[in-house]
Structure formats: structure tokens, C-alpha cells
Amino acid sequence: DLELHLQRCQQLSVTVLTDHQDLSNTELKTIINSTAPQQYRIRAKLRTYKPQKLHQSVKLHCSKCNSLQEVPDRDDFDFILHGSAGTASNTELHNTSWYESVTWTTQDQKQREITIHFVKHDEMLQHPEDTLLMIEGGTLKEIWKLSKRFKCVIPVRSIEGDLELLDLSAPFLLQGNVKYYGCKQCSTPKPMKNLSSLAAEQQPSWEPTEIAQVLGIELLQYVFIMKFTLVDETGALNAYLFDH
């Protein structure tokens, strides 16, 4: 557990970074006054680290525009889903050549209408573990249930001529426990009919990168970021950890 490890490191008098064993120790002052890039081995104390809570270290990164953003929480997603639930499904978009549609009304007080479009392959429905589906009007709880049973779930809404993705503040794709997001700045979302080209492949793999590409989405990657402040007798140095 990294958080416990970092707490333990703070309690120790000295933390030794063990990389570059062939190099002798360099004072932080020398490193600060040097031009990058260089490789050094240091002996220093860990003064502070940020963020304090490990889950706050996970961000979303766009490799195209190099932007970083917070991972939206479930309340943001829930709000967007509630907003789209008020839009009635366009029955003219049901049961096309490449997906089969099912609609039902919930038994709760609001009596919501939910439509699920199951993408077909060779005019046949696939096994659930191989199936991509698109859902209109579902709640967060319903979408999570579906994502546990089916390979891919894409929340959508009806427009006049096609189905479209929701606001990109919401994940455009859910696969198991993973939510995939697109960059608002770099994406140019395309209608869902573009998925039909993947459905026509000999063995559709439904890889998130391929789905993002045909839907005009610049895929955001989850990254892990931390900042460490290291000190020795000669100065202080901020060290940043950034990794996918």
C-alpha cells in the first residue's frame, strides 16, 4: 500500500532512492543548478507528499492536448443520466439492420421508459460477454448492472436521425468496472451508426480504442500523479511522479 509506505518513509530519518546504483550521490543544490535532462542518485529526506489521499492521485490525461482533469464522480454521471432520461426514445431508430431494440416501462413511481439496443453480428445477437449494447433512459444503478453482464455499455439518447452520445462529462463507454472518458476539447463525437462498421467485422473485439476512434472520441487515459518534496542539507527539490 503506497499510502502506508509513504507514511513510513516520513517517519524514517532518511529515505534512499535506490535507482542508478552506478552513480555517486549528488547534492540537491547541484541538481537544482543543472540543466535537464540528467540522471542522478540522491540521498534525501521526504518532507511532504501530495495529494494526501491516494485516490486523489488518479487523474484523466489527454495525450493530444496534454490536459489533465479530475475524474468525474458518480453524482456528475447520475445528473447527466437524469437529464437524458426526460428525452423520449425515437421509435424510428429502433431495430435497424445492425442492432435489435427492446423497450419497457419501469414499475417504480416515475414509470420511466428504458430502451436497450443490442448490437448484432451477422444478423444474430451475440453471447452477453461479447455484446455491446446502447441504453437510453437508464439510471446509474441499471447501467452498472448491465456492465457486469455485457461486454460494453454505451449510454445514448435519441436525436432526429440517429442515436448520439451523452455529454462527454459522462463516460462514453463502460466495460466491467472501468469507465472510459473522452476529451471535450479534442473530440468530435459522431453518430452511433459509425459503430456498424465494427459490428460488421469478422470478430468484433469491441476494444475501447477502436470504439473511440470510430465515434470521433479522443480517449482520455487514467494517470497516477504525485508530488514529493525532498530535502537534504543543501536545498529542497520537488519530484513529480506521472505514470499511466
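This is a predicted model: local features need pLDDT of at least 70, side-chain atom pairs count only at pLDDT 80 or more; totals for chains, interfaces and linings use all residues.
F118 sits in strand β6, while F150 sits in the loop between α4 and β9, so the pair ties together parts that are 32 residues apart in sequence.

How many aromatic pairs does the structure hold? Two. W98 and Y99 also pair, edge-to-face, at 4.8 Å centre to centre and 85 degrees between the planes. Both of these residues, W98 and Y99, are buried.

Now helix α4, residues 140–149. Which of its residues are buried? L140, I143, W144, L146 and S147. These residues cover an arc of only 165 degrees around the axis, which puts them on the same side of α4. An α-helix has 3.6 residues a turn, so residues three or four places apart point the same way. Turn to the face away from the buried side. There you find the exposed residues K141, K145, K148 and R149.

Next, the cores. The largest nonpolar core has 26 residues. M134, I154, F172, L195 and I211 touch the most other members. At least two residues of this core come from each of β8, β9, β10 (163–165), α5 (196–199) and α6 (208–214). There is also a second, separate core, with 17 residues, including L81, L133, W144 and L174.

Beyond its neighbours within four places in sequence, M134 is in contact with W98 and Y99, among others. Those are the rings of the edge-to-face pair. Other contacts of M134 include T115, I116, H117, V119, I154, V156, L163, M192 and L195.

Last, the second largest pocket. It holds about 180 Å³ of space. Its lining has 12 residues, and R43, A44, V231, D232 and E233 lie nearest the centre. Two elements give two or more residues to that lining: β2 (43–50) and β13 (221–232). Which one gives the most? β2, with three residues.

How values were computed. Residues are numbered from 1 along each chain as its sequence is written. Side-chain values use heavy atoms; hydrogens and water are left out. Buried means under 20% relative accessible area, exposed over 50%, partly exposed in between (1.4 Å probe, protein chains only). Helices (H or I, at least four residues) and strands (E, at least two) are DSSP runs, numbered from the N terminus. The arc is that of the directions from the helix axis to the C-beta atoms. Rings of Phe, Tyr and Trp (its six-membered ring) pair if their centres lie within 6.5 Å; planes under 30 degrees apart count as stacked, over 60 as edge-to-face and the rest as tilted. A nonpolar core is a set of buried Ala, Val, Leu, Ile, Met, Phe, Trp, Tyr and Cys residues joined through side-chain atoms within 4.5 Å. Contact means heavy atoms within 4.5 Å. On a 1 Å grid over the protein atoms alone, a cavity is a set of points where a 1.4 Å probe fits but cannot get out, and a pocket is an open set with protein on both sides within 12 Å along at least five of seven lines; lining residues have an atom within 4 Å of a point. Grid points are joined across faces, edges and corners, and a volume is the space filled by probe spheres set on the points.
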